[in-house]
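Subject: Structure handover

Hello,

Here is the structure for your files. My notes on what turned up in it follow below.

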Amino acid sequence: MSVYNIYLVDIEDAIGSDNKRAEVKHFIKDYFDKVCKKAGIKEGCSVQFVTTNPQAKKHELIMYYMKRTPHIVENIKHDNLPPTHETSTGFTKWNSKEHGSDMEASSAMDSRDIANITFHEFMHQKLHLSDKLHTKDGLAGDVNSSLSEDNIKLMAAKLMANHPQWTGGFAILEARKNGDVLAY
Ligand SMILES: [Zn+2]
């Protein structure tokens with residue numbers, strides 16, 4: 001196996017500062033260190049904010065942070081799978097070919113909250129659960145809660161599942177950053 005990559009995209013600077021991004025990254029890394037360990041990935045996980053379009057492997061994850069809605073993962077077309085899920089600020093959608101998660105973020109948000117919502121949306125993706133996820137404990141049921149043993153176990157079991165990431169988000173965020181108010 002090789003290191004497990006989690007790519008975070010905040011080219012719009014929704015989170016507002018490098019310091020805050022470092023905190024968000026730290027919390028997400030802490031969660032996934034536990035998940036990767038449980039999954040037996042001895043190389044561990046790498047969590048990074050990227051400024052070029054990430055090339056995730058089929059089992060890896062990408063999160064897009066946006067300054068505003070509409071949610072960019074709405075671009076993932078519906079097909080035979082009945083999915084999608086929304087929390088207050090996060091959104092996850094998938095079809096039979098691609099998966100995506102985004103969330104609206106701001107400099108006023110607590111970095112722990114941003115990390116928790118990120119992990120929650122990744123749980124929707126990896127477990128392929130919509131509202132049913134919310135019946136579980138820890139960050140599955142409540143993003144104001146904390147990572148539970150069950151969260152770690154559930155994610156470790158599905159971490160290597162091939163759920164290829166939608167790759168269209170980067171270009172949309174870049175267009176928004178460049179002032180395209182219609183970018184969606
Ligand atoms: Zn949810």
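Which residues are exposed on the other side of α1? They are D18, N19, H26 and K37, where exposed means over 50% relative accessible area, buried under 20% and partly exposed in between, with a 1.4 Å probe and protein chains only.

Two notes on the source. This is a predicted model, in which local features need pLDDT of at least 70 and side-chain atom pairs count only at pLDDT 80 or more, while totals for chains, interfaces and linings use all residues. Residues are numbered from 1 along each chain as its sequence is written, and side-chain values use heavy atoms, with hydrogens and water left out.

Helix α1

Helices (H or I, at least four residues) and strands (E, at least two) are DSSP runs, numbered from the N terminus. Helix α1 covers residues 18-39, and its 22 residues should span 32 Å at 1.5 Å a residue; the expected span is 1.5 Å times one less than the number of residues. The end C-alpha atoms are 30 Å apart, which agrees.

The buried residues of α1 are K20, R21, V24, F27, I28, Y31, F32, V35 and C36. They lie on the same side of α1 because they cover an arc of only 165 degrees around the axis, the arc being that of the directions from the helix axis to the C-beta atoms. These buried residues pack against β1 (4-9), β2 (45-50), β3 (61-66), α2 (111-127), α3 (138-141) and α4 (149-158), with contact meaning heavy atoms within 4.5 Å. Just after α1, G40 has a positive phi of about 80 degrees.

Aromatic rings

There are 5 aromatic pairs in the structure. Rings of Phe, Tyr and Trp (its six-membered ring) pair if their centres lie within 6.5 Å; planes under 30 degrees apart count as stacked, over 60 as edge-to-face and the rest as tilted.

- F32 and F122 are an edge-to-face pair, 6.0 Å centre to centre with 70 degrees between the planes. This pair links helix α1 to helix α2, across 90 residues. F32 is buried at 0% relative accessible area, and F122 is buried at 0%.
- F49 and Y65 have ring centres 6.0 Å apart and planes at 35 degrees, so this pair is tilted. F49 lies in strand β2 and Y65 in strand β3, so the pair ties together parts 16 residues apart in sequence. F49 is partly exposed at 22%, whereas Y65 is buried at 0%.

Y31, F32, F119 and F122 form one aromatic cluster.

Regards
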